[in-house]
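This report considers selected local features of a protein model.

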Amino acid sequence: MNYEPILWYSNEELSDAGRVYGDIYTGDAWLELQTKVPPGVTVLPAILASDATHVTNFSGDGKVHPIYASIGHIDSTVRNQPSKLAFMLVGFIPVFKFGKTEFPTKTKDNQFLGRLQARLFHTCMKIVVEPLRHAGKIPVWIPDPKGLIREHQIFHVLYLADKEEQTLIACLGKNSCTTCLAETKNLGELHICSPWTAHSILEKICTVRKHVGVNADTWTFITAAKEAQLSGVEYPFWEDLPHTDICKVICNDVLHGLHKAFYDHTAKWCRNIIGDFELDKRFRRLPKEHGYRHFSSGISKISQWSGREWKDLERSFLPAIYGATSN
């Protein structure tokens, strides 16, 4: 465990070009937060994670958002092992169906439900993060694993979630990017879009609120928010968390943000260019190697992909496509 930020360098000059990043304590965020606490106070980076999960397998479609918490003091090599129990379950947020709520039109029925679920999520999360809101302003005394009592100030520095959950957390529209203002219609354009920040999101919410008026009903606010790339949440749970920019806090989980993204985009692009028949032949011709999966039947006929298959594909993909030409 580490209780202070550390700078790692790969060169003797200790220049920025040789800066090495690894765990949270090697990043710039902890260095910046350390300047905001009184002398002698330890920064405690809080990590949250959530993902919508089915709780019924054979009947019904009950879903909840389990909320997990961990701390940045724990090395990532330990924290990422499920057997180490480094993440603690702190609550379940329901995915409510509003089954007894009647909507006047079919349009409202289709769109209102998801917007109300997003509002419910943020209302519940406000209760979950209330201790962080207090401990981020006033230091608290917490014992460490060695039994020493340390004065900590807790800051929310990381939120692990998949793409659907990220837009829910950031209060943005379903197809919006949580990093910049780009939309699906901007894909392929050469110019760089301006970045999203927590301040800019709150400003947009405030602008929509002023536009529709204080006496506007929920549907009017949600309709105006949708046109502004927002989800319709009026009071995000993170709006008053100390020193928290939610757009910098949100982080892709490796399973969806890396492995699944490789299969959904890079691999499919190459399949369209090379062709399934030629690509399958190339995978079948690859020599078998100990520790590597051999796709003896190619990859085009695999209907069910999991994280393990995605990682096996990444290991063999480059030698399979080497020297290929467009179909």
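## Aromatic contacts, a cavity and backbone torsions

The charged end of arginine 315 is placed over the ring of tyrosine 292, at 5.7 Å from the ring centre. The model is a predicted one. Another contact of this kind involves arginine 150, which lies over the face of tyrosine 3 at 3.9 Å from the centre of the ring.

Contacts between aromatic rings come next. A pair of aromatic rings is described by the distance of the centres and the angle of the planes. The count of aromatic pairs in the model comes to 7. Between phenylalanine 283 and phenylalanine 295, the ring centres are 5.6 Å apart and the planes stand at 75 degrees; because an angle over 60 degrees counts as edge-to-face, the pair is assigned to that class. This pair links distant parts of the chain, 12 residues apart: phenylalanine 283 belongs to helix 10 (residues 276-285), while phenylalanine 295 is in the loop between helix 10 and helix 11 (307-321).

Phenylalanine 283 also pairs with phenylalanine 317, with ring centres 6.2 Å apart and planes at 45 degrees, so this pair is tilted. Since phenylalanine 283 lies in helix 10 and phenylalanine 317 in helix 11, the contact ties together parts that are 34 residues apart in sequence. Ring pairs join Phe283, Phe295 and Phe317 with Phe262, Tyr263 and Trp305 into a cluster.

| Residue | Relative accessible area | Class |
|---|---|---|
| Phenylalanine 283 | 1% | buried |
| Phenylalanine 295 | 3% | buried |
| Phenylalanine 317 | 3% | buried |

How many cavities of 30 Å³ or more does the structure hold? The structure holds 1 such cavity. The space within the largest cavity is about 30 Å³. Its lining is made up of Leu132, Gly136, Ile154, Phe155, His156, Leu241, Pro242 and Thr244. By residue class, the lining of the largest cavity has 5 nonpolar and 3 polar residues and no charged ones. Strand 8 (residues 149-161) contributes the most to this lining, with 3 residues.

Strand 8 also takes part in a hairpin. Strand 7 (residues 140-143) pairs with strand 8 in the antiparallel sense over 4 bridges. The hairpin formed by strand 7 and strand 8 has 5 residues between the strands, and glycine 147 in the turn has a positive phi of about 90 degrees.

Most residues other than glycine have a negative phi, and most peptide bonds are trans. Glutamine 229 has a positive phi of about 65 degrees although it is not a glycine. Histidine 243, likewise not a glycine, has a positive phi near 55 degrees. Glutamine 229 is located in the loop between helix 7 (218-227) and helix 8 (246-249), and histidine 243 lies in the loop between helix 7 and helix 8.

Which of the classes buried, partly exposed or exposed applies to glutamine 229? With a relative accessibility of 13%, glutamine 229 counts as buried, because the class takes in values under 20%. Histidine 243, at 45% relative accessibility, counts as partly exposed.

Terms used. Residues numbered from 1 in each chain as written. Predicted model: local features only at pLDDT ≥ 70, side-chain atom pairs only at ≥ 80, totals over all residues. Heavy atoms only, no water. Phe/Tyr/Trp six-rings, centres within 6.5 Å; stacked < 30°, edge-to-face > 60°. Helix = DSSP H or I, 4+ residues; strand = E, 2+ residues; numbered from the N terminus. Buried < 20%, exposed > 50% of the residue type's maximum accessible area, 1.4 Å probe, protein only. Lys NZ or Arg CZ within 6 Å of the ring centre and 35° of its normal. 1 Å grid on protein atoms, 1.4 Å probe; cavity = no way out; pocket = protein on both sides within 12 Å on 5 of 7 lines; lining within 4 Å. Points joined across faces, edges and corners; volume = space filled by probe spheres on them. Nonpolar A, V, L, I, M, F, W, Y, C, P; charged D, E, K, R; others polar. Pairing = 2+ DSSP bridges.
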